[in-house]
Amino acid sequence: MRSTEHDGKGASAPAVSAPAASAPAASAPAAAPSIEAAMRRAIELAANGPAWGVNPQVGCVILSPDGVVLAEGWHRGAGTPHAEVDALTKLSAASDAIGATAVVTLEPCNHTGRTGPCSEALVAAGISTVYFGAGDPGLRSGGGAGTLSAAGVRVHGGVLAAEVERSIHPWLTAMRNGRPFVTVKWASSLDGRAAAADGTSQWITGPDARTDVHLRRSRADAIAVGTGTLLADDPSLTARMPVSTGETEPTLYAHQPQPVMIGERRIDRTARVFDHPLPVIEYQSRNLHGVLADLFDRGVRSVFVEGGPTLASAFIRVGLADEIVAYLAPVLLGGPLLALGDIGVDGIADALPLTIVSLDLLGPDLRIVAEPVRGESSAVFLDSPVSSTAGTSSSTASTSPTSVISVTSVTPSTSDPKEHHLVHRNH
Ligand SMILES: NC(=O)c1ccc[n+]([C@@H]2O[C@H](COP(=O)([O-])OP(=O)(O)OC[C@H]3O[C@@H](n4cnc5c(N)ncnc54)[C@H](OP(=O)(O)O)[C@@H]3O)[C@@H](O)[C@H]2O)c1
């Protein structure tokens, strides 16, 4: 049953039924899902949107006052309607929103960008109650809960907060830190070598692990390597699908990560990376804080760091690794070329503690995803203050301006860590 009779300001909360195993789709028979079930459904819907880009994945379910799902929506990336507006447009009649409840994963935004503020759209539609999972950390986009409350809408935050946080963890981390979320990836032998003694490393792991790497590349905003890897391996840094039977060339994923090279040495323009479909961003610098600040300003929210050992160690040493993805192959290589070098650990007391997020076998190889344990005991691993990461850059046009953006200096420029939160959801 759908209600269009409420004034949207004094309506009672929707009926809450026993938790459903899975929330019904908008077209499913009427059933009264609980707010939590609706939030679980909103998390599922959010995952339909792109994992990359300046905006987060967001999902929304609109419930009638008696708890029937009226509409569902999700965000499809910057420049497209936000989840709340998408759901509102899916209502059978606009008047169905009057007195209805919106269950949305992220606090409705408060900011006019390429689209209008969701908080105002919800108020204008007549929504009476809003439940959301995570607060929006953006200085401009955040604050929607206050706008809604001021307009008389009942607002409840923190619904399934842990699940919502987990589902958009990289984006939230990026927004809170004012720099992209950094994944440091390496492939190593069981004895922790990233390459054989002669420097060859292709391929330590098998096809399944490499397929997984390409999938992860395709979900990242940017992929970064040091000049050492560019000179040793001449990688193309594209995200490629596995080669199917009958195909000679791999197909590229529709979404490609922006290629980023870091290091003072100049890389010859004949390198394969310059054939990448996106322009290469070349930082002739070793200032990782500055590099990340500049990437954040360019709208990059996640960076997949693919080595080699020197760059991976440098990111970890300065506390800029949010996630480790290590592929361990059942081979022994011995020799001096370790997966990590100096990460600032001198004694066992300084060891950097990690939490294992997942362990999976991919063919013969083991994939370990781990995150740093944040706390006083892991001070080296803590992020450096954002104030020192904020930077300006000077870009110089290269000989091939369409294929490379040369950034010759990245320097700290502001002491206000919050300034970077001003660059955020791009509507
Ligand atoms: N197994 C794997 O997963 C994997 C992945 C990639 C590469 N590899 C292997 O790794 C080897 C190359 O290793 P690599 O360590 O030389 O490559 P790398 O880490 O990609 O590049 C090292 C270079 O990065 C630059 N750099 C940028 N920021 C830096 C910072 N903050 N601190 C220090 N250096 C910084 C420096 O170059 P400048 O001197 O130009 O400033 C440095 O020499 C090759 O054998 C390759 O096959 C293995």
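Q: Let's start with valine 103. Which residues does it touch, leaving out those up to four places away in sequence?
A: Valine 103 touches Ile35, Ala38, Met39, Ala42, Cys60, Val61, Leu63 and Tyr131. Keep in mind that this is a predicted model.

Q: Nice. Which residues touch the most other members of the largest nonpolar core?
A: Val103 is one of them, along with Phe315, in a core of 107 residues. Helix H1, residues 35–46, gives the most to this core, with 8 residues.

Q: Which domains does this core draw at least three residues from?
A: Domain 1 (35–167) and domain 2 (173–422) each supply at least three residues to this core.

Q: Let me zoom out a bit. How many helices and strands are there in the protein?
A: The protein has 10 helices and 15 strands. Of its 427 residues, 49% are buried.

Q: And the contacts with a separation of 6 or more, what percentage comes from residues 24 or more positions apart?
A: For the protein, that share is 73%.

Q: Back to Phe315. Which helix lists it among its buried residues?
A: That's H10, where the buried residues are Pro309, Leu311, Ala312, Ser313, Ala314, Phe315 and Ile316. H10 is mostly covered, with 7 of its 9 residues buried.

Q: What covers those buried residues of H10?
A: The cover includes E6, E7, E8, helix H9 (288–297) and strand E10 (302–305). After H10 comes glycine 319, which has a positive phi near 75°.

Q: You mentioned H9. Why is it described as largely enclosed by the rest of the structure?
A: Because 9 of the 10 residues of H9 are buried. The buried residues are Leu288, His289, Gly290, Val291, Leu292, Ala293, Asp294, Leu295 and Phe296. Just after H9 sits glycine 299, with a positive phi of about 95°.

Q: Switching to the ligand. Which residues come nearest?
A: Gly226, Gly228, Gly263, Gly307 and Gly308 come nearest, out of 28 residues around the ligand.

Q: Which elements give two or more residues to that shell?
A: They are E6, strand E7 (222–226), helix H8 (227–233) and helix H10 (309–317). H8 has the largest share of the shell, 5 residues.

Q: What does the shell look like by class?
A: It has 12 nonpolar, 11 polar and 5 charged residues.

Q: OK, new topic: where is glycine 199?
A: Glycine 199 is in the loop between strand E6 (181–189) and helix H7 (207–219).

Q: Why does glycine 199 count as partly exposed?
A: Because glycine 199 has 14 C-beta neighbours inside 10 Å, and a count between the cut-offs of 12 or fewer for exposed and 20 or more for buried is called partly exposed.

Q: What is glycine 199 in contact with beyond four places in sequence?
A: Ala232 and Leu337. Glycine 199 and leucine 337 are 138 residues apart along the chain, yet their C-alpha atoms are separated by 7.5 Å.

Q: How about glutamate 107, buried or exposed?
A: Glutamate 107 counts as buried, because it has 26 C-beta neighbours inside 10 Å. Its place is the loop between strand E3 (101–106) and helix H3 (118–125). Glutamate 107 is also 49 residues away from histidine 156 in sequence, with 9.6 Å between their C-alpha atoms.

Q: Now some strands. Which residues of strand E9 are buried on each side?
A: Val280 and Glu282 are buried on one side of E9 (residues 280–283), and Ile281 and Tyr283 on the other. As background, the side chains of a regular strand alternate between the two faces of the sheet.

Q: How many bridges join E8 to E9?
A: There are 3, between strand E8 (residues 258–262) and E9, and the two run parallel. Isoleucine 262 stands opposite tyrosine 283 in E9.

Q: Last one: in which sense do E1 and E2 pair?
A: Strand E1 (residues 59–63) and E2 pair in the antiparallel sense, over 5 bridges. Glycine 59 stands opposite tryptophan 74 in E2. Their hairpin has 5 residues between the strands, and glycine 67 takes a positive phi near 90° there. Strand E2 (residues 69–74) is mostly covered, with 6 of its 6 residues buried.

Definitions and conventions:
Residues numbered from 1 in each chain as written. Predicted model: local features only at pLDDT ≥ 70, side-chain atom pairs only at ≥ 80, totals over all residues. Core = buried A, V, L, I, M, F, W, Y, C linked by C-beta atoms within 7 Å. Helix = DSSP H or I, 4+ residues; strand = E, 2+ residues; numbered from the N terminus. Domains from an automatic or database assignment. Contact = placed C-beta atoms within 7 Å. Near = placed C-beta within 6 Å. Nonpolar A, V, L, I, M, F, W, Y, C, P; charged D, E, K, R; others polar. Pairing = 2+ DSSP bridges.
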